[in-house]
Amino acid sequence: MTDLPISAEHLAESNKAEEAALANDYSHLGEQLDRRGIDIDAITRKVAAFHVAIPSWGVGTGGTRFARFAGPGEPRGIFEKLDDCAVIQQLTRATPTVSLHNPWDKVDPKALKAKGDALGLGFDAMNSNTFSDAKDQKHSYKFGSLSHTDAAVRQQAIEHNIETIEIGKALGSKALTVWIGDGSNFPGQSNFTRAFERYLDSMKSVYAALPDDWRIYSEHKLYEPAFYSTVVQDWGTNYLIARELGPKAFALVDLGHHAPNVNIEMIVARLIQFEKLAGFHFNDSKYGDDDLDSGSINPFQLFLVFNELVDAEHRKAKSFSPAYMIDQSHNVTDPIESLMASAIEILRAYTQALLIDRTALEGYQDANDALMANQTLKRAFTTDVGPILAKARLAKGGAIDPLASYRASGYRAKVTAERPSTGGSSSGIV
(Lines give C-alpha, C1' and ligand atoms only; values in the text may rest on other atoms or scores of the structure.)
Protein backbone atom coordinates (compact mmCIF):
# COMPACT_ATOMS: atom_id res chain seq x y z
CA MET A 1 0.00 0.00 0.00
CA THR A 2 1.56 3.27 -1.07
CA ASP A 3 1.22 6.63 0.69
CA LEU A 4 1.27 9.10 -2.18
CA PRO A 5 1.84 12.82 -1.50
CA ILE A 6 -0.66 14.16 -4.08
CA SER A 7 -4.29 13.15 -3.59
CA ALA A 8 -5.87 10.88 -6.17
CA GLU A 9 -8.83 13.26 -6.32
CA HIS A 10 -6.64 16.23 -7.27
CA LEU A 11 -4.84 14.21 -9.94
CA ALA A 12 -8.11 12.96 -11.42
CA GLU A 13 -9.55 16.46 -11.48
CA SER A 14 -6.49 17.98 -13.16
CA ASN A 15 -6.50 15.22 -15.79
CA LYS A 16 -10.21 15.56 -16.47
CA ALA A 17 -9.74 19.08 -17.78
CA GLU A 18 -7.10 17.90 -20.28
CA GLU A 19 -8.34 14.51 -21.48
CA ALA A 20 -10.50 15.64 -24.39
CA ALA A 21 -7.74 17.81 -25.87
CA LEU A 22 -5.22 15.01 -25.40
CA ALA A 23 -7.46 12.52 -27.19
CA ASN A 24 -7.71 14.86 -30.18
CA ASP A 25 -3.97 15.62 -30.25
CA TYR A 26 -3.05 11.95 -29.91
CA SER A 27 -5.42 10.94 -32.71
CA HIS A 28 -4.06 13.65 -35.01
CA LEU A 29 -0.46 12.65 -34.33
CA GLY A 30 -1.39 9.00 -34.84
CA GLU A 31 -2.69 9.81 -38.32
CA GLN A 32 0.56 11.61 -39.19
CA LEU A 33 2.72 8.77 -37.95
CA ASP A 34 0.56 6.16 -39.67
CA ARG A 35 1.39 7.81 -43.01
CA ARG A 36 5.05 7.25 -42.12
CA GLY A 37 4.41 3.59 -41.29
CA ILE A 38 4.70 4.12 -37.53
CA ASP A 39 2.27 2.59 -35.01
CA ILE A 40 1.72 5.30 -32.39
CA ASP A 41 0.38 2.85 -29.80
CA ALA A 42 3.49 0.68 -30.09
CA ILE A 43 5.67 3.76 -29.55
CA THR A 44 3.56 4.81 -26.56
CA ARG A 45 3.99 1.39 -24.93
CA LYS A 46 7.77 1.65 -25.27
CA VAL A 47 7.76 5.14 -23.81
CA ALA A 48 5.63 3.99 -20.88
CA ALA A 49 8.23 1.32 -20.09
CA PHE A 50 11.14 3.78 -20.01
CA HIS A 51 12.34 5.14 -16.68
CA VAL A 52 15.10 7.32 -15.29
CA ALA A 53 16.35 7.51 -11.68
CA ILE A 54 16.07 10.63 -9.53
CA PRO A 55 19.14 11.69 -7.49
CA SER A 56 18.25 12.12 -3.83
CA TRP A 57 20.37 15.28 -3.66
CA GLY A 58 18.58 16.76 -6.68
CA VAL A 59 15.43 17.65 -4.72
CA GLY A 60 17.43 20.00 -2.52
CA THR A 61 18.60 23.46 -3.52
CA GLY A 62 22.04 23.53 -5.11
CA GLY A 63 24.57 26.31 -5.15
CA THR A 64 27.69 27.71 -6.74
CA ARG A 65 31.33 27.97 -5.67
CA PHE A 66 30.43 31.34 -4.17
CA ALA A 67 27.18 30.90 -2.31
CA ARG A 68 24.07 28.85 -1.74
CA PHE A 69 20.61 30.34 -1.37
CA ALA A 70 18.19 28.09 0.47
CA GLY A 71 14.90 27.27 -1.22
CA PRO A 72 11.48 27.26 0.46
CA GLY A 73 10.47 23.93 1.94
CA GLU A 74 13.65 22.13 0.91
CA PRO A 75 14.05 18.67 2.48
CA ARG A 76 16.08 18.43 5.69
CA GLY A 77 16.95 14.75 5.39
CA ILE A 78 16.57 11.65 3.29
CA PHE A 79 13.00 10.85 4.36
CA GLU A 80 11.76 14.24 3.23
CA LYS A 81 13.84 13.87 0.06
CA LEU A 82 11.97 10.66 -0.68
CA ASP A 83 8.64 12.45 -0.17
CA ASP A 84 9.66 14.93 -2.86
CA CYS A 85 10.90 12.16 -5.16
CA ALA A 86 7.53 10.46 -4.77
CA VAL A 87 5.79 13.60 -6.10
CA ILE A 88 7.93 13.46 -9.24
CA GLN A 89 7.16 9.78 -9.78
CA GLN A 90 3.47 10.16 -9.04
CA LEU A 91 3.01 12.87 -11.66
CA THR A 92 5.47 11.78 -14.37
CA ARG A 93 5.37 7.98 -13.87
CA ALA A 94 8.89 7.87 -15.28
CA THR A 95 11.04 7.99 -12.13
CA PRO A 96 10.30 4.92 -9.97
CA THR A 97 13.78 4.69 -8.44
CA VAL A 98 16.03 6.98 -6.39
CA SER A 99 19.82 7.06 -6.46
CA LEU A 100 21.21 7.58 -2.95
CA HIS A 101 24.37 9.21 -1.69
CA ASN A 102 26.56 7.97 1.16
CA PRO A 103 27.07 9.62 3.64
CA TRP A 104 24.52 12.35 2.87
CA ASP A 105 21.64 9.86 3.02
CA LYS A 106 23.07 7.52 5.65
CA VAL A 107 20.34 6.23 7.99
CA ASP A 108 19.09 2.80 9.06
CA PRO A 109 18.66 0.90 5.75
CA LYS A 110 15.58 -0.93 7.09
CA ALA A 111 13.82 2.35 7.83
CA LEU A 112 14.89 3.69 4.44
CA LYS A 113 13.58 0.61 2.65
CA ALA A 114 10.28 0.83 4.52
CA LYS A 115 9.90 4.50 3.56
CA GLY A 116 10.62 3.71 -0.08
CA ASP A 117 8.10 0.87 -0.07
CA ALA A 118 5.43 3.13 1.46
CA LEU A 119 5.96 5.64 -1.34
CA GLY A 120 6.26 3.07 -4.12
CA LEU A 121 9.92 3.91 -4.74
CA GLY A 122 12.87 1.60 -5.34
CA PHE A 123 16.59 2.34 -5.14
CA ASP A 124 18.96 2.69 -8.06
CA ALA A 125 22.77 2.92 -8.07
CA MET A 126 24.48 3.91 -4.82
CA ASN A 127 26.86 6.88 -4.88
CA SER A 128 29.92 7.05 -2.64
CA ASN A 129 31.59 10.30 -1.57
CA THR A 130 35.34 10.63 -1.21
CA PHE A 131 35.39 14.10 -2.79
CA SER A 132 34.61 15.84 0.51
CA ASP A 133 35.27 15.16 4.19
CA ALA A 134 32.52 13.74 6.39
CA LYS A 135 32.08 14.72 10.01
CA ASP A 136 34.53 12.96 12.36
CA GLN A 137 36.41 11.47 9.40
CA LYS A 138 39.92 10.42 10.48
CA HIS A 139 41.81 11.26 7.28
CA SER A 140 41.13 14.20 4.95
CA TYR A 141 40.55 13.92 1.18
CA LYS A 142 41.93 17.39 0.53
CA PHE A 143 44.75 15.94 -1.58
CA GLY A 144 42.89 12.94 -2.95
CA SER A 145 41.20 9.73 -1.90
CA LEU A 146 41.51 6.52 -3.92
CA SER A 147 44.72 7.87 -5.50
CA HIS A 148 46.14 9.60 -2.40
CA THR A 149 49.87 9.28 -1.72
CA ASP A 150 49.08 8.05 1.82
CA ALA A 151 48.00 4.40 1.98
CA ALA A 152 45.90 5.07 5.08
CA VAL A 153 43.79 7.62 3.19
CA ARG A 154 43.35 5.22 0.29
CA GLN A 155 42.25 2.45 2.65
CA GLN A 156 39.71 4.74 4.28
CA ALA A 157 38.28 5.55 0.83
CA ILE A 158 38.18 1.86 -0.09
CA GLU A 159 36.33 0.99 3.11
CA HIS A 160 33.84 3.80 2.51
CA ASN A 161 33.01 2.41 -0.94
CA ILE A 162 32.60 -1.09 0.48
CA GLU A 163 30.30 0.29 3.18
CA THR A 164 28.26 1.95 0.43
CA ILE A 165 27.91 -1.41 -1.31
CA GLU A 166 26.67 -3.00 1.93
CA ILE A 167 24.04 -0.29 2.39
CA GLY A 168 22.96 -0.76 -1.22
CA LYS A 169 22.58 -4.51 -0.76
CA ALA A 170 20.13 -3.92 2.08
CA LEU A 171 18.08 -1.60 -0.16
CA GLY A 172 18.00 -3.77 -3.27
CA SER A 173 20.42 -1.66 -5.30
CA LYS A 174 22.58 -3.39 -7.90
CA ALA A 175 25.29 -0.83 -8.71
CA LEU A 176 27.91 1.46 -7.20
CA THR A 177 28.87 4.75 -8.85
CA VAL A 178 32.35 6.06 -8.03
CA TRP A 179 33.32 9.64 -8.80
CA ILE A 180 36.42 11.16 -7.25
CA GLY A 181 37.70 14.72 -7.18
CA ASP A 182 41.33 13.56 -7.12
CA GLY A 183 43.75 15.57 -9.23
CA SER A 184 46.10 18.52 -9.10
CA ASN A 185 45.96 22.30 -9.41
CA PHE A 186 49.61 22.95 -10.31
CA PRO A 187 52.00 21.42 -12.85
CA GLY A 188 54.37 19.10 -11.04
CA GLN A 189 52.05 18.69 -8.05
CA SER A 190 51.21 15.09 -8.96
CA ASN A 191 52.84 12.30 -10.93
CA PHE A 192 50.16 11.36 -13.47
CA THR A 193 51.24 7.72 -13.83
CA ARG A 194 51.73 6.91 -10.15
CA ALA A 195 48.44 8.58 -9.19
CA PHE A 196 46.54 6.51 -11.75
CA GLU A 197 48.29 3.32 -10.60
CA ARG A 198 47.22 4.01 -7.02
CA TYR A 199 43.66 4.68 -8.19
CA LEU A 200 43.50 1.39 -10.09
CA ASP A 201 44.87 -0.57 -7.14
CA SER A 202 42.25 0.98 -4.85
CA MET A 203 39.42 0.36 -7.30
CA LYS A 204 40.46 -3.29 -7.63
CA SER A 205 39.91 -3.66 -3.89
CA VAL A 206 36.45 -2.11 -4.21
CA TYR A 207 35.67 -4.24 -7.25
CA ALA A 208 36.56 -7.39 -5.30
CA ALA A 209 33.81 -6.56 -2.79
CA LEU A 210 31.06 -6.37 -5.43
CA PRO A 211 28.34 -9.04 -5.25
CA ASP A 212 28.13 -11.25 -8.33
CA ASP A 213 25.01 -9.48 -9.64
CA TRP A 214 26.32 -5.94 -9.14
CA ARG A 215 28.02 -3.46 -11.45
CA ILE A 216 30.49 -0.69 -10.70
CA TYR A 217 30.31 2.57 -12.66
CA SER A 218 33.37 4.80 -12.89
CA GLU A 219 32.67 8.42 -13.75
CA HIS A 220 35.11 10.76 -15.47
CA LYS A 221 35.29 14.55 -15.26
CA LEU A 222 37.49 16.89 -17.22
CA TYR A 223 38.05 19.37 -14.39
CA GLU A 224 36.77 20.56 -11.00
CA PRO A 225 37.53 20.53 -8.19
CA ALA A 226 41.05 19.93 -9.55
CA PHE A 227 41.75 22.47 -12.29
CA TYR A 228 45.09 21.39 -13.76
CA SER A 229 44.53 17.65 -13.95
CA THR A 230 42.05 15.06 -12.77
CA VAL A 231 42.91 11.39 -12.29
CA VAL A 232 39.85 10.19 -14.24
CA GLN A 233 39.62 12.95 -16.81
CA ASP A 234 37.96 11.58 -19.95
CA TRP A 235 36.08 8.70 -21.51
CA GLY A 236 39.26 7.02 -22.75
CA THR A 237 40.65 6.78 -19.22
CA ASN A 238 37.22 5.69 -18.04
CA TYR A 239 37.21 2.91 -20.62
CA LEU A 240 40.67 1.80 -19.53
CA ILE A 241 39.44 1.60 -15.93
CA ALA A 242 36.45 -0.53 -16.89
CA ARG A 243 38.66 -2.82 -18.98
CA GLU A 244 41.27 -3.17 -16.24
CA LEU A 245 38.77 -3.93 -13.48
CA GLY A 246 36.75 -6.63 -15.23
CA PRO A 247 33.35 -7.61 -16.64
CA LYS A 248 31.34 -5.94 -13.86
CA ALA A 249 32.93 -2.53 -14.49
CA PHE A 250 31.46 0.06 -16.87
CA ALA A 251 32.04 3.70 -17.87
CA LEU A 252 29.42 6.26 -16.86
CA VAL A 253 28.74 9.29 -19.06
CA ASP A 254 27.77 12.57 -17.41
CA LEU A 255 26.76 14.99 -20.17
CA GLY A 256 28.52 17.90 -18.46
CA HIS A 257 31.88 16.22 -17.86
CA HIS A 258 33.46 16.89 -21.25
CA ALA A 259 35.43 19.59 -22.97
CA PRO A 260 33.27 22.12 -24.87
CA ASN A 261 31.94 20.87 -28.24
CA VAL A 262 33.08 17.28 -27.68
CA ASN A 263 31.04 14.80 -29.73
CA ILE A 264 29.36 13.04 -26.82
CA GLU A 265 27.15 10.88 -29.02
CA MET A 266 30.25 9.40 -30.64
CA ILE A 267 31.65 8.58 -27.19
CA VAL A 268 28.38 6.81 -26.44
CA ALA A 269 28.67 4.81 -29.66
CA ARG A 270 32.25 3.76 -28.85
CA LEU A 271 31.39 2.61 -25.35
CA ILE A 272 28.42 0.64 -26.68
CA GLN A 273 30.59 -0.92 -29.38
CA PHE A 274 33.12 -2.15 -26.85
CA GLU A 275 30.47 -3.23 -24.32
CA LYS A 276 31.45 -0.79 -21.58
CA LEU A 277 28.63 1.76 -21.45
CA ALA A 278 27.31 2.00 -17.89
CA GLY A 279 24.69 4.63 -18.57
CA PHE A 280 24.14 8.33 -17.98
CA HIS A 281 23.93 11.23 -15.63
CA PHE A 282 21.62 13.51 -17.57
CA ASN A 283 21.89 17.30 -17.38
CA ASP A 284 22.68 20.17 -19.75
CA SER A 285 25.40 22.81 -20.04
CA LYS A 286 26.37 26.00 -21.79
CA TYR A 287 29.95 26.58 -20.65
CA GLY A 288 31.10 23.60 -18.59
CA ASP A 289 29.72 21.28 -15.94
CA ASP A 290 26.76 23.58 -15.40
CA ASP A 291 24.34 20.86 -14.18
CA LEU A 292 21.43 22.62 -15.85
CA ASP A 293 18.05 21.01 -16.53
CA SER A 294 18.15 18.29 -19.18
CA GLY A 295 17.21 19.58 -22.61
CA SER A 296 17.15 23.21 -21.50
CA ILE A 297 20.14 24.30 -23.60
CA ASN A 298 20.82 21.73 -26.30
CA PRO A 299 17.88 19.35 -26.82
CA PHE A 300 19.27 18.29 -30.21
CA GLN A 301 22.40 16.88 -28.58
CA LEU A 302 20.21 14.92 -26.16
CA PHE A 303 18.29 13.58 -29.15
CA LEU A 304 21.53 12.58 -30.91
CA VAL A 305 22.63 10.67 -27.81
CA PHE A 306 19.34 8.81 -27.83
CA ASN A 307 19.75 8.15 -31.54
CA GLU A 308 22.80 6.04 -30.64
CA LEU A 309 20.98 4.36 -27.76
CA VAL A 310 17.92 3.45 -29.83
CA ASP A 311 20.19 2.28 -32.63
CA ALA A 312 21.92 -0.08 -30.17
CA GLU A 313 18.53 -1.25 -28.91
CA HIS A 314 17.32 -1.76 -32.49
CA ARG A 315 20.28 -3.93 -33.50
CA LYS A 316 20.38 -5.72 -30.12
CA ALA A 317 23.92 -4.64 -29.28
CA LYS A 318 25.74 -7.06 -27.00
CA SER A 319 25.82 -6.22 -23.26
CA PHE A 320 23.62 -3.18 -23.86
CA SER A 321 21.82 -2.44 -20.60
CA PRO A 322 22.30 1.26 -19.75
CA ALA A 323 21.31 2.84 -16.45
CA TYR A 324 19.69 6.26 -16.65
CA MET A 325 19.83 8.90 -13.92
CA ILE A 326 19.38 12.66 -13.70
CA ASP A 327 22.21 14.61 -12.04
CA GLN A 328 21.49 18.34 -11.77
CA SER A 329 21.85 21.34 -9.47
CA HIS A 330 18.81 23.57 -9.07
CA ASN A 331 19.72 27.04 -7.88
CA VAL A 332 16.90 29.29 -9.14
CA THR A 333 14.00 26.89 -9.71
CA ASP A 334 11.81 24.60 -7.64
CA PRO A 335 13.84 21.36 -7.76
CA ILE A 336 10.71 19.21 -8.08
CA GLU A 337 9.61 21.19 -11.12
CA SER A 338 13.07 21.04 -12.71
CA LEU A 339 13.34 17.28 -12.19
CA MET A 340 9.89 16.69 -13.65
CA ALA A 341 10.70 18.88 -16.64
CA SER A 342 14.00 17.05 -17.12
CA ALA A 343 12.39 13.62 -16.95
CA ILE A 344 9.90 14.75 -19.60
CA GLU A 345 12.68 16.08 -21.86
CA ILE A 346 14.65 12.85 -21.53
CA LEU A 347 11.59 10.86 -22.53
CA ARG A 348 10.94 13.33 -25.36
CA ALA A 349 14.41 12.68 -26.81
CA TYR A 350 13.91 8.93 -26.45
CA THR A 351 10.52 9.10 -28.17
CA GLN A 352 11.85 11.18 -31.03
CA ALA A 353 14.68 8.70 -31.53
CA LEU A 354 12.13 5.89 -31.75
CA LEU A 355 10.54 7.70 -34.73
CA ILE A 356 13.70 7.62 -36.88
CA ASP A 357 13.28 5.58 -40.06
CA ARG A 358 16.34 3.42 -39.52
CA THR A 359 16.04 1.55 -42.81
CA ALA A 360 16.00 4.82 -44.74
CA LEU A 361 18.81 6.25 -42.61
CA GLU A 362 21.05 3.27 -43.24
CA GLY A 363 20.37 3.51 -46.95
CA TYR A 364 21.35 7.17 -47.06
CA GLN A 365 24.47 6.45 -45.03
CA ASP A 366 25.52 3.64 -47.38
CA ALA A 367 24.90 5.91 -50.37
CA ASN A 368 26.88 8.78 -48.76
CA ASP A 369 23.81 10.99 -49.05
CA ALA A 370 24.69 13.40 -46.27
CA LEU A 371 21.75 15.76 -46.71
CA MET A 372 19.02 13.12 -46.68
CA ALA A 373 20.62 11.27 -43.78
CA ASN A 374 20.53 14.48 -41.78
CA GLN A 375 16.97 15.23 -42.88
CA THR A 376 15.90 11.78 -41.69
CA LEU A 377 17.12 12.65 -38.20
CA LYS A 378 15.61 16.14 -38.35
CA ARG A 379 12.20 14.78 -39.34
CA ALA A 380 12.08 12.72 -36.17
CA PHE A 381 13.50 15.50 -34.00
CA THR A 382 11.00 18.12 -35.17
CA THR A 383 7.98 15.88 -34.55
CA ASP A 384 5.92 17.08 -31.59
CA VAL A 385 5.73 13.91 -29.49
CA GLY A 386 4.05 15.64 -26.54
CA PRO A 387 0.79 13.71 -26.99
CA ILE A 388 2.67 10.39 -26.79
CA LEU A 389 4.38 11.43 -23.56
CA ALA A 390 1.10 12.58 -22.02
CA LYS A 391 -0.73 9.44 -23.12
CA ALA A 392 1.99 7.23 -21.61
CA ARG A 393 1.78 9.12 -18.31
CA LEU A 394 -2.00 8.92 -18.23
CA ALA A 395 -1.98 5.18 -18.98
CA LYS A 396 0.23 4.63 -15.93
CA GLY A 397 -1.82 6.82 -13.60
CA GLY A 398 0.24 10.00 -13.90
CA ALA A 399 -0.60 13.56 -14.85
CA ILE A 400 -1.32 14.73 -18.38
CA ASP A 401 0.37 18.02 -17.46
CA PRO A 402 2.67 17.29 -14.48
CA LEU A 403 3.87 20.87 -13.93
CA ALA A 404 0.37 22.37 -13.93
CA SER A 405 -0.94 19.60 -11.69
CA TYR A 406 1.95 20.07 -9.27
CA ARG A 407 1.50 23.83 -9.01
CA ALA A 408 -2.24 23.47 -8.49
CA SER A 409 -1.70 20.87 -5.75
CA GLY A 410 -0.12 23.35 -3.35
CA TYR A 411 2.56 20.83 -2.37
CA ARG A 412 5.40 23.36 -2.20
CA ALA A 413 3.42 25.70 0.03
CA LYS A 414 2.48 22.77 2.26
CA VAL A 415 6.04 21.55 2.81
CA THR A 416 7.31 25.12 3.20
CA ALA A 417 5.01 25.45 6.21
CA GLU A 418 6.17 22.10 7.59
CA ARG A 419 9.91 22.46 6.97
CA PRO A 420 11.71 25.41 8.59
CA SER A 421 14.31 27.08 6.38
CA THR A 422 17.78 25.58 6.54
CA GLY A 423 19.26 28.99 5.73
CA GLY A 424 21.76 30.03 3.10
CA SER A 425 25.51 29.74 3.05
CA SER A 426 28.30 32.09 2.06
CA SER A 427 30.83 29.28 1.76
CA GLY A 428 29.65 28.04 -1.61
CA ILE A 429 28.94 24.54 -2.86
CA VAL A 430 30.76 23.11 -5.87
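His 330 sits in the loop between strand E12 (323-326) and helix H11 (335-354); helices (H or I, at least four residues) and strands (E, at least two) are DSSP runs, numbered from the N terminus. The model is predicted: local features need pLDDT of at least 70 and side-chain atom pairs count only at pLDDT 80 or more, while totals for chains, interfaces and linings use all residues. Residues are numbered from 1 along each chain as its sequence is written, and side-chain values use heavy atoms, with hydrogens and water left out.

**Surroundings of His 330**

- His 330 is buried, with a relative accessible area of 1%; buried means under 20%, exposed over 50% and partly exposed in between (1.4 Å probe, protein chains only).
- Neighbours within four places in sequence aside, His 330 is in contact with Gly 58, Gly 60, Thr 61, Gly 62, Asp 293, Pro 335, Ser 338 and Leu 339, where contact means heavy atoms within 4.5 Å.
- A polar atom of the His 330 side chain lies 2.9 Å from the backbone oxygen of Gly 58.
- The side chains of His 330 and Gln 328 make a polar contact (2.8 Å). A polar contact is a pair of N or O atoms within 3.5 Å; within protein, one must be able to donate a hydrogen and the other to accept it, and residues adjacent in sequence count only if both atoms are side-chain atoms.

- An open sheet of 7 strands has the order E3-E5-E6-E8-E10-E11-E12, with parallel pairing; two strands pair if DSSP finds at least two bridges between them.
- Strand E3 (101-102) and E12 are the edge strands, each pairing on one side only.
- Strand E11 (residues 277-282) runs parallel to E12 and is joined to E12 by 4 bridges; His 281 has Met 325 in E12 as its bridge partner.

**Strand E8**

- All 5 of the 5 residues of strand E8 (residues 215-219) are buried, so E8 is largely enclosed by the rest of the structure.
- Arg 215, Tyr 217 and Glu 219 are buried on one side of E8, and Ile 216 and Ser 218 on the other.
- E8 pairs with E6 in the parallel sense over 4 bridges, and Ala 175 has Arg 215 in E8 as its bridge partner.
- E8 also runs parallel to strand E10 (residues 249-254), joined by 4 bridges; Leu 252 in E10 stands opposite Glu 219.

**Helix over the edge**

- Helix H10 (residues 299-314) lies across E11 and E12, at about 160 degrees to E11. Axes are lines fitted to C-alpha atoms, for helices over the stretch in contact, and angles run from 0 to 180 degrees between N-to-C directions.
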